[in-house]
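This briefing covers one protein model and is meant to be read beside its sequence and coordinates.

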Amino acid sequence: MRKIIATIGYASLERLEEKDKQIIQDLALDLGKKLIQEGYVIVNGGLGGVMEAVSLGARRADNYTDGKILGLIPNYDKSIANPYIDRVLPLGLDVARNVCVASVCDAMVVIGGESGSLSEMALAWQLGKLIIALSNYGYGGEFKNRTLDSRRKDKIYFANNANEVIEILREKLPLYQKAFLGIKKDMTKQEARDIIKTHCDIEVELEFLGQGSEGFVFTDKKKVYKLFKHSPYISRLYFQLEPLSKQLKDTRFSLPFEIYYNNDILIISYEYFETKPFKPMPYTAYIELLSDFYYAGIVCCDIQPKNLLIDVQNDRLVICDIGWDFVSYSDTFFKSMCRRAFAIYKLQNHLCEIDNIKEFLSPLNTQEDFSALEKFLQCENLLSEYQRFFSKIGAFRIHKTLIRDFYRENPQYKSIFDYGAGSGEIAYSLNKIGKSVVGYEISKDIIKDKYHRTFEKILIGKELEKFIQTKEQFDSILCSLVLCHHLANTQEEALKIIDSIMNNLVCLSKKHIFIVICNPLFYNAKSNIQERKSSDFYDTQHTITKTMFSTKRDRLDFHRPLGFYENLFKRFNLKIENIFQSGDTSTSPYRIYNSDFMFFSLIKE
C-alpha cells in the first residue's frame, strides 16, 4: 500500500516578501515532484499557496499518474480546489477538515505555515505521525528539532530541501506504522510503583527517584527500576533494548542492565549506586564516558546535561536514562554523540546562561558545525579542538583504567598491596572503589602528596624487608610496570632483582598476584602515554627507549619475550589465570593492535 504524505503550510503566498515567496514556491514544487517520484501519494487541503505549489510540482514528475494528489476541501464546493488536485473530497467540516488531513496521512511535511498549519501539526503529533519541517519559515521552522509535548520521545524533524525530506521518510517512516489507539489515562506514580513491585517480586517499599517523558524510576537501594509508560511502540523498544542488555553482560560497561517484558509491561533494572547531580567535570571524564560506550558497542543519541549524573564512589560521569535513545553502535550515531558531549564540556560552566541547550546540541547531530558554539564562547577553531578530543576516545584503554576495572569486577580482592606504587594515582582509583591499599615505593619523592592519604600504609625503601617479616598477606598483589624497568646495569644483576621481586610478591600474597608489563608483542605501537624510539622482533630480549608524556623524560625498559615470563611464573608456582592487553578496538576487535601493556592474573598453586 502506498504511503500518504500530507503537505501543509502557507495557504497563501501573497503576504510574503517576493524573495521569501519564491523560496517557498521552489521548495513546494520540488517537494511535490520528489514525493511522486518516490511513489508516495500526496494529500493536502486542496486550496492555494503551498498546497497548490506542491500539487503542481507533483504533476511535473515523470512517473505521475492520475489519482496521486488528494484534496480535502473544507466545504462542499469542489470548484474552490486548485486545478492540480486529482481527487477532490468535499468534507464540509470547515476548519475541522484539519483533523482529516492529519488522520489520513502516514507522515506530514510542513513548509512554513500559520495557525491552521499549527493545528494540523498538533493533531498529527497527538496521532503519532512522523512530522518534518521543510525550511525555517513559519510554525514549521519554529518547531523544527523540537517536541510539542512530553507524550512522545521523538521530535519534529528538520530538512533543508526535498532530498533531505525523502531521506528522513526512508529512514524514519517504517518506525511510525502503528495506528493511533486513542488517548489513554496517564499512569500515576503509585500505579507505577505497584506494577514494579508485582512484576519484579519486590516486598520492600520502593523509593521514588524521578519521572520523565518515558516512565518512572524507583529504587529499593539494591537496584534501580525504570517502568516505561504505556505506548503503542513499547514492543519495539523491547526489541531495541533486549539485545543491548545481553551484549553488555560481556563488556566492562559501567551500567549493565536487565530487562523484563510481559504483556506490554517493560521494566529495566540495574545495580543501585549513589549519584549526585551533574556538575562541571574535567576533560578526561568525558573521554572516559565516551570510551565506555565505544567499547560496549552502544550509543546514547540524546546526551545532554539533564541525562548526566555523577557516580559518587568513582567520581565519574554516567548516563542513567536508559531508553529510546540507547541504540547499537554505528559510526554516524557515535560521532554525533561525541560532538554533543564535546559541546556540553565546552558549555558546562555556562549552563545557567543558556535557556535551551538543544540550540547548540541539535545542529551537531548531523554535522561538525561548531559555529553557534564559537559565537557564544567568542572563540575560533573549535573544530580542531574537537578533532583532538575525538582522537582520544576509544582508541586506548590506558593501563590505570584497566587495573581499576579488573579490581572492580573482582570484589573478592578487598586488600591490595601495590608493589611499586609510583605517584599513588592507581592506589587512589582503587581506594575510590572501596579497596584497602598498602603501597611500596623505592623513594618517597615519587609519591605525590595528594595521594598519601589514599594508602592504608605506605612503605619506603628498606621498610619493605621488615614488613615482609611480619608475614602479613593480602588478597591481591599489584605489580605494575616494575619487572620491565631497567633494574640494573647488567642482565645478570637484573635477573637476580626480578627473582627477588617475585619472591616478595609470593610472600605478600594470600592467593592472587596481578602483574602488568610493557607489551613485548608490539614495538611500533602508537601510544597515548609514550613515544617508542626503537624497534625489534618480539621474540628477542632487547632494550627500548621511551619518552614518557607525563614527565617529558626518557626511560629505558627491557622487553623480554613471553616465554621468559611463562617460565618465570612457573618457577614460582604461579598459574596464569588470565591474560589481556590494552588496545585499539577500532582496528582490531581483539584489542591487540597498538597495545602498550599486557596484564597477567596469576594464582598461587
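Predicted model: local features only at pLDDT ≥ 70, side-chain atom pairs only at ≥ 80, totals over all residues.

**Sheet**

- An open sheet is built from 7 strands, arranged in the order E20-E19-E18-E21-E22-E27-E26, with mixed pairing.
- Its edges are strand E20 (457-460) and strand E26 (574-581), each of which pairs on one side only.
- On average, neighbouring strands of this sheet are turned by 20° against each other, direction ignored.
- Strand E18 (residues 415-419) and strand E21 (residues 474-480) run parallel and are joined by 4 bridges.
- Within this pair, Ile416 is placed opposite Ser476 of E21.

**Helices lying across the sheet**

- Helix H17 (residues 491-508) lies across E18, E21, strand E22 (509-518), E26 and strand E27 (597-604).
- The direction of H17 is at about 145° to E22.
- Helix H18 (residues 562-571) lies across E22, E26 and E27, and runs at about 20° to E27.

**Contact of H17 with H18**

- The axes of H17 and H18 are 11 Å apart, and the two helices pack at an angle of about 50°.
- H17 and H18 are therefore oblique to each other.
- The crossing of H17 with H18 is right-handed.
- On the H17 side, Leu495, Ile498, Asp499 and Met502 take part; they meet Phe564, Leu568, Phe569 and Arg571 of H18.
- Sorted by class, the residues of this contact are 6 nonpolar and 2 charged, with no polar ones.

**Contact of H14 with H15**

- Helix H14 (residues 399-408) and helix H15 (residues 425-432) have axes that come within 10 Å and cross at roughly 30°.
- Because of that angle, H14 is roughly parallel to H15.
- H14 and H15 form a right-handed crossing.
- From H14, His399, Lys400, Ile403, Arg404 and Tyr407 meet Glu425, Ile426, Ser429 and Leu430 of H15.
- The contact of H14 with H15 contains 4 nonpolar, 2 polar and 3 charged residues.

**Salt bridges**

- The whole structure contains 23 salt bridges.
- One of them joins the side chains of Asp66 and Arg87, at 2.9 Å from N to O.
- Asp66 sits in the loop between helix H2 (50-59) and strand E3 (69-73), and Arg87 belongs to strand E4 (residues 87-90), so the pair ties together parts that are 21 residues apart in sequence.

Definitions and conventions: Residues numbered from 1 in each chain as written. Heavy atoms only, no water. Pairing = 2+ DSSP bridges. Axes fitted to C-alpha atoms, helices over the stretch in contact; angles between N-to-C directions. Contact = heavy atoms within 4.5 Å. Parallel < 35°, antiparallel > 145°, perpendicular 65-115°, else oblique. Left-handed = near helix turned anticlockwise from the far one by under 90°. Nonpolar A, V, L, I, M, F, W, Y, C, P; charged D, E, K, R; others polar. Salt bridge = Lys/Arg side-chain N within 4 Å of Asp/Glu carboxyl O.
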